[in-house]
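This report describes how two chains are built and how their parts come together. The sequence and the structure are shown first, and the description follows.

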Amino acid sequence: MTVDAAQGLQERRKTVEGHEVRVVSYKIGDRFGSRVDNIDPGDVIGRGRGATREEAEDAAVEAASLRLGLTSAREMLQKSVGHLNRGSTPR
Amino acid sequence: MTYADTDSLVEAPWAEAHLNDPKVRFVEVDVDTSAYQEAHLPGAIGWDWSKELCDQLTRDILSRESLEALLRRSGIARDTCVVLYGDNNNWFAAWAFWQLRIYGHEDVRILNGGRNKWLADGRPLSDEVPTYAPTTYEASAPDTTLRGLLTDVSDAVKKRVIALVDVRSPGEFSGDILAPPGLPETCQRGGHIPGAASVPWGQVCKPDGTFKSREELEALYAGKGVTRDRPVVAYCRIGERSSHTWFVLKHLLGYPDVKNYDGSWTEWGNLVGQPIER
């Protein structure tokens, strides 16, 4: 059964956990959907659904921020290890 | 100039006109089926890359038997026209395409622009999960000429007669990052395979996700020394982005000898005793 077509597809960029991402959202039927990708290379790293566009985008961004937070933590850890290996204190 | 293999790519209007064609099976392929569950092309089935298109126990492509089981329960016969599409700009659809070609399915096609363009164009969608009568599909023996293995790449590094194409992002190629933002690191070292040319996958697409013209694609690869007179091996991090590039080189440009190295950087970047470049 055809439920509908996607309507009002919108795209914008924002920074999440220090990384620029692309947020896409649209309406299908009476619900909104959203996905977030990491732009380069373009992996989808968060998806969300909701009764409003904002709700769907928030859910997708939240999912993406959890994954990007791990990336940021890993980068910080590697930086710290690098400093330790060079005998200096990270700033 | 049209693409070399015009039967391997379909445009959205063709797909919409064949949504009810019993000889055509649409399959949405992604890393999981969350997007499929939201909505998909009416009549399409969904394949989960991580569960249905990889052998996670042996880290391998599907065995012939597993692929047959997948196609049988999907209601796909040897003469079915299989149209693959998905999110992530068709990366995982291209992976499925590559495996279907390995096991000899003749009529398999990619929907140009994938899921994103279908949504953007406002074409019909459904949330109904269809069921189809199972088939007795029997696959061919695998065509090993389409798959790059570690030995192929080691030879390429030593002899430099094979063109290696690294389709990852510039940051991954240079070794500045070990994985794209938000994805798990799967290797010990950052960098690239010695001698590889950097041609990020996205350079083959227009902003709407559809493929650039054949002339543009030929100029892109020729400018990087990736020409049809040399064997080519494409790789990325886990082999899905490079299956997209494999599709471009093999089917859109008609290069005669192209392999997808699905071991990719996850394998090479972890090898003991193998060189890398940064």
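## Elements and model

Helices (H or I, at least four residues) and strands (E, at least two) are taken as DSSP runs and numbered from the N terminus. The model is predicted, and the description below should be read with that in mind.

The domain assignment divides chain B into domain 1 (6-141) and domain 2 (145-268), and the C-alpha centres of domain 1 and domain 2 of chain B are 23 Å apart. Domain 1 of chain B puts 19 residues into the contact, and domain 2 of chain B puts in 18 residues. On the side of domain 1 of chain B that touches domain 2, helix 5 and helix 6 (114-120) of chain B each supply at least two residues, and helix 5 of chain B gives the most, with eight residues.

The largest nonpolar core comprises 91 residues, and the residues with the most contacts inside this core are B:L84, B:A96, B:F97, B:V232 and B:A234. Helix 5 (residues 91-102) of chain B contributes the most to this core, namely ten residues. Because domain 1 (6-141) and domain 2 (145-268) of chain B both give residues to this core, the core lies between them. Setting aside residues up to four places away in sequence, B:A234 touches B:V165, B:V167, B:S242, B:T245, B:W246, B:L249, B:V258, B:N260 and B:Y261.

## The parallel sheets of chain B

One open sheet of chain B consists of five strands in the order 1-5-4-2-3, with parallel pairing. Its edge strands are strand 1 (9-10) and strand 3 (45-48) of chain B, each of which pairs on one side only. Within this sheet, strand 2 (residues 24-30) and strand 4 (residues 81-85) of chain B run parallel and are joined by five bridges; B:V27 has B:L84 in strand 4 of chain B as its bridge partner. Helix 5 of chain B packs on the sheet, where it touches strand 2, strand 3, strand 4 and strand 5 (108-111) of chain B, and the direction of helix 5 makes about 170° with that of strand 5 of chain B.

A further open sheet of chain B has four strands in the order 8-7-9-10, and its pairing is parallel. Strand 8 (197-198) and strand 10 (258-260) of chain B stand at the edges with a single partner strand each, so one side of each has no neighbour in the sheet. Strand 9 (residues 232-235) of chain B pairs with strand 10 of chain B in the parallel sense over three bridges, and the bridge partner of B:V233 in strand 10 of chain B is B:K259.

## Chain A: helix 1 and its surroundings

Helix 1 (residues 53-85) of chain A has 33 residues, which at 1.5 Å a residue should span 48 Å; the end C-alpha atoms of this helix are 47 Å apart, which agrees. The buried residues of helix 1 of chain A include A:A56, A:E57, A:A60 and A:V61. Just after this helix, A:G87 takes a positive phi of about 75°.

A:S34 and A:E57 are separated by 23 residues in sequence, yet their C-alpha atoms are 5.3 Å apart in space. Apart from neighbours within four places in sequence, the contacts of A:S34 include A:A56, A:E57, A:A59 and A:A60 as well as A:V23, A:V24 and A:S25.

## The contact between the chains

Chain A brings 26 residues to the contact and chain B brings 28 residues. Strand 1 (2-16), strand 2 (19-28), strand 4 (44-50) and helix 1 of chain A each supply at least two residues of the side of chain A that touches chain B, and strand 1 of chain A has the largest share, seven residues.

## Backbone features in loops

Most residues other than glycine have a negative phi, and most peptide bonds are trans. In the loop between strand 4 and helix 5 of chain B lies B:N88, whose phi is positive, near 50°; B:N88 is buried, with 26 other C-beta atoms within 10 Å. B:N90 is found in the loop between strand 4 and helix 5 of chain B and has a positive phi of about 70° although it is not a glycine; B:N90 is buried, with 31 other C-beta atoms within 10 Å.

In chain A, a cis peptide bond with omega of about 20° joins A:D40 and A:P41, and A:P41 is placed in the loop between strand 3 and strand 4 of chain A.

Methods: Residues are numbered from 1 along each chain as its sequence is written. Chains are lettered from A and ligands numbered from 1 in the order in which they are written. This is a predicted model: local features need pLDDT of at least 70, side-chain atom pairs count only at pLDDT 80 or more; totals for chains, interfaces and linings use all residues. A nonpolar core is a set of buried Ala, Val, Leu, Ile, Met, Phe, Trp, Tyr and Cys residues joined through C-beta atoms within 7 Å. A residue is buried if 20 or more other C-beta atoms lie within 10 Å of its own, exposed if 12 or fewer, and partly exposed in between; C-beta atoms are placed from the backbone. Domain bounds come from an automatic or database domain assignment. Two residues are in contact if their C-beta atoms, placed from the backbone, lie within 7 Å. Two strands pair if DSSP finds at least two bridges between them. Axes are lines fitted to C-alpha atoms, for helices over the stretch in contact, and angles run from 0 to 180 degrees between N-to-C directions. The expected span of a helix is 1.5 Å times one less than its number of residues.
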